[in-house]
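Here is a walk through one protein chain, written for someone who has the model open in a viewer.

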Amino acid sequence: MLEIRHLHMLSILKRHGSLATTAEEMNLTASAVSHQLKELENYYDISLVNRRTRPISFTPAGLLVLQLADSILPQVARTKSDIKRLAHGQSGRLRLASECHSCFDWLMPILNEYRKNYGDVELDFATGFEPEPHQMLIDGEIDLLITASNLPFDNIHYQPLFTYESRLVLSPAHRLASQDFINAEDLAEQTLIAYPVEEQRLDIIDKFLAPKGISPAKIRTTELTAMLIQLVASERGVAALPDWVSQEYERKGWVVSRPLGDGVHCQLYAAVRTPSRKLDYMKGFLALLKNIKKPHRQ
């Protein structure tokens with residue numbers, strides 16, 4: 001039966017042309033190499049080498065097997081290498097999701113830097129609008145979640161990233177724009193423009209309105225930040241965005257922002273399954289996140 005060890009032996013024999021030198025490289029005796037060769041020839045009842053030539057030459061059958069060796073052995077070597085990298089966490093797939101739907105401004109430079117050092121890791125993205133992203137992390141559907149909710153699940157590790165202020169964004173012509181800050185009661189009759197997630201996952205509701213038992217008159221959703229800003233600028237409603245996002249559109253004069261009460265400040269985390277922290281490629285990504293430059297209002 002033809003096995004990988006036979007291909008390996010014949011490939012070395014071709015390079016050296018000598019059973020003795022082949023045996024030396026394989027850390028075997030010359031008789032062991034000769035036995036391995038005879039075993040293969042006896043199985044197929046055909047000669048593979050011309051033993052009387054110096055150096056040893058190959059018969060047509062032997063050349064055919066060598067052709068197979070030249071094709072198969074490099075693939076075997078690459079696969080072994082890939083398996084080792086997977087075993088040590090140097091290769092794999094990293095699936096990301098973010099509940100912070102405005103985070104890609106600062107996340108993209110990190111992803112670009114990560115690709116330079118972990119080219120064997122396949123990066124993939126979930127939309128972030130799924131109803132239970134933490135459960136997706138637990139179930140292995142994603143590997144890392146950017147979130148402001150450090151829910152107490154077993155086997156999930158939360159790495160703090162930075163804090164940000166959630167600010168109310170509104171049209172410069174909106175009547176609330178004349179106020180220095182926004183009260184919860186001010187929003188009871190307003191349409192809130194938000195991303196399409198559960199209400200309790202919205203900072204403005206979870207940390208500002210719900211504690212005071214107040215709800216906006218209506219919630220209108222959109223997946224795109226640009227569309228959200230357009231709706232706010234055209235006075236279709238108000239929205240709450242992280243401070244580093246609101247400032248970009250304020251500089252353009254499209255919207256203004258105001259603090260929510262005394263200020264709603266949130267902590268952002270990178271959540272991963274605790275066992276995955278041991279993987280080399282996960283360690284590399286979390287290390288980059290530790291060095292992130294915190295977005296700030298200018």
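This is a predicted model: local features need pLDDT of at least 70, side-chain atom pairs count only at pLDDT 80 or more; totals for chains, interfaces and linings use all residues.

**The main core**

Start inside. The largest nonpolar core has 60 residues, and the members touching the most others are Trp 106, Leu 144, Leu 187, Ile 204, Phe 285 and Leu 289. The biggest giver to this core is strand 10 (residues 256-273), with 7 residues. There's also a second, separate core, this one of 20 residues, including Met 9, Leu 10, Ile 56 and Ala 61.

Skipping neighbours within four places in sequence, Leu 289 has contacts with Trp 106, Leu 107, Ile 110, Leu 144, Gln 159, Leu 161 and Ala 270. Leu 289 belongs to helix 10 (residues 280-290), where Tyr 281, Met 282, Gly 284, Phe 285 and Leu 286 are buried along with it. What do the buried residues of helix 10 pack against? The list has strand 3, helix 5 (104-117), strand 4 (121-125), strand 5, strand 6 (156-170) and strand 10.

**Strand 5 and its partners**

Strand 5 (residues 144-147) is covered on both faces: Leu 144 and Ile 146 are buried on one side, Leu 145 and Thr 147 on the other. Strand 3 (residues 92-98) runs parallel to strand 5, joined to it by 3 bridges, and Leu 96 is the residue standing opposite Leu 144. With strand 10 the pairing is antiparallel, over 4 bridges; there, Thr 147 has Tyr 269 as its bridge partner.

Now step back to Asp 143, which sits in the loop between helix 6 (133-138) and strand 5. Is Asp 143 buried or exposed? Its relative accessibility is 4%, so it counts as buried. The Asp 143 side chain makes a polar contact of 2.7 Å with that of Arg 273. Beyond four places in sequence, Asp 143 is in contact with Arg 93, Leu 94, Arg 95, Leu 137, Ala 271, Val 272, Arg 273 and Met 282.

**An aromatic cluster**

Searching the whole structure turns up 8 aromatic pairs. Here are two of them.

| Pair | Centre to centre | Angle between planes | Geometry |
|---|---|---|---|
| Trp 106 and Phe 162 | 5.4 Å | 80 degrees | edge-to-face |
| Tyr 164 and Trp 244 | 5.8 Å | 85 degrees | edge-to-face |

Trp 106 is in helix 5 and Phe 162 in strand 6, so their pair ties together parts that are 56 residues apart in sequence. The other pair reaches from Tyr 164 in strand 6 to Trp 244 in helix 9 (residues 243-251), so it links parts that are 80 residues apart in sequence. Trp 106 and Phe 162 are buried, and so are Tyr 164 and Trp 244. The four rings, from Trp 106, Phe 162, Tyr 164 and Trp 244, form one aromatic cluster.

Follow Trp 244 into helix 9 and you find the buried residues Asp 243, Trp 244, Val 245, Ser 246, Gln 247 and Tyr 249. Their cover includes helix 5, strand 6, helix 8 (225-233), strand 9 (239-242) and strand 10. After helix 9 comes Gly 253, with a positive phi near 80 degrees.

Last stop: the start of the chain. An unreviewed UniProt entry lists residues 2-59 as "domain: HTH lysR-type". In the model, residues 2-59 are 62% helix and 7% strand, with 16 Å between the end C-alpha atoms.

Which element holds Phe 58? That would be strand 2 (residues 57-58). Phe 58 has 13% relative accessibility, so it counts as buried. Leaving out neighbours within four places in sequence, its contacts are Leu 10, Leu 13, Lys 14, Leu 48, Val 49, Asn 50, Leu 63 and Leu 66. One of these, Leu 10, is also a member of the second core. Phe 58 and Ser 47 are 11 residues apart in sequence, with their C-alpha atoms 8.7 Å apart in space.

Definitions and conventions:
Residues are numbered from 1 along each chain as its sequence is written. Side-chain values use heavy atoms; hydrogens and water are left out. A nonpolar core is a set of buried Ala, Val, Leu, Ile, Met, Phe, Trp, Tyr and Cys residues joined through side-chain atoms within 4.5 Å. Buried means under 20% relative accessible area, exposed over 50%, partly exposed in between (1.4 Å probe, protein chains only). Helices (H or I, at least four residues) and strands (E, at least two) are DSSP runs, numbered from the N terminus. Contact means heavy atoms within 4.5 Å. Two strands pair if DSSP finds at least two bridges between them. Rings of Phe, Tyr and Trp (its six-membered ring) pair if their centres lie within 6.5 Å; planes under 30 degrees apart count as stacked, over 60 as edge-to-face and the rest as tilted. UniProt positions are given in the numbering used here, feature names are shortened, and annotations may be inferred rather than shown by experiment. A polar contact is a pair of N or O atoms within 3.5 Å; within protein, one must be able to donate a hydrogen and the other to accept it, and residues adjacent in sequence count only if both atoms are side-chain atoms.
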